[in-house]
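Subject: Structure handover

Hello,

I am passing the structure on to you.

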Amino acid sequence: MTLLLLEALGAMVLLIFIVWWTMFSGRKKGELPDEAAPTRPQDDGATPPKRD
């Protein structure tokens, strides 16, 4: 019974470590602020060329 509890504890610790690792493995200084984030170009009303 103790072995099963230790195995479950090890699996939980491994899961928490994987989640923590993926949460903080992004940008070094965090996410970009909204005003510095790249924006999509405005729609100028032009239609894309049709392919035949």
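This is a predicted model: local features need pLDDT of at least 70, side-chain atom pairs count only at pLDDT 80 or more; totals for chains, interfaces and linings use all residues.

Overall content

The protein holds one helix and zero strands. It has 52 residues, of which 0% count as buried.

Helix α1 covers residues 2–23. How far apart are the end C-alpha atoms of α1? They are 32 Å apart, and this agrees with expectation, because 22 residues at 1.5 Å a residue should span 32 Å. The number of buried residues in α1 is zero, so the helix lies largely in the open.

Nonpolar surface patch

Which residues form the nonpolar patch on the surface? They are Leu14, Leu15, Phe17, Ile18, Val19, Trp20, Trp21, Met23 and Phe24, and together they have about 1000 Å² of accessible area. One of them, Leu15, lies in α1. Leu15 counts as exposed because its relative accessibility is 54%, and the cut-off for exposed is over 50%.

Aromatic side chains

The count of aromatic pairs comes to two. Phe17 and Trp21 form an aromatic pair, with 5.8 Å from centre to centre and 40 degrees between the planes, and the pair is tilted. Why are Phe17 and Trp21 separated by about one helical turn? The two are four residues apart in helix α1, which means a separation of about one turn.

The two partners can also be set against the accessibility classes. Phe17 has a relative accessible area of 43%, so it is partly exposed. Trp21 is at 52% relative accessibility and therefore counts as exposed. Both Phe17 and Trp21 belong to the nonpolar patch described above.

Regards

Key. Residues are numbered from 1 along each chain as its sequence is written. Side-chain values use heavy atoms; hydrogens and water are left out. Patches are made of residues with over 30% relative accessible area and no salt bridge: like charges are joined within 9 Å, nonpolar side chains (Val, Leu, Ile, Met, Phe, Trp, Tyr) within 5 Å. Accessible areas come from the Shrake-Rupley method with a 1.4 Å probe; for residues, only the protein chains shown count as cover. A salt bridge is a side-chain nitrogen of Lys or Arg within 4 Å of a carboxyl oxygen of Asp or Glu. Buried means under 20% relative accessible area, exposed over 50%, partly exposed in between (1.4 Å probe, protein chains only). The expected span of a helix is 1.5 Å times one less than its number of residues. Rings of Phe, Tyr and Trp (its six-membered ring) pair if their centres lie within 6.5 Å; planes under 30 degrees apart count as stacked, over 60 as edge-to-face and the rest as tilted.
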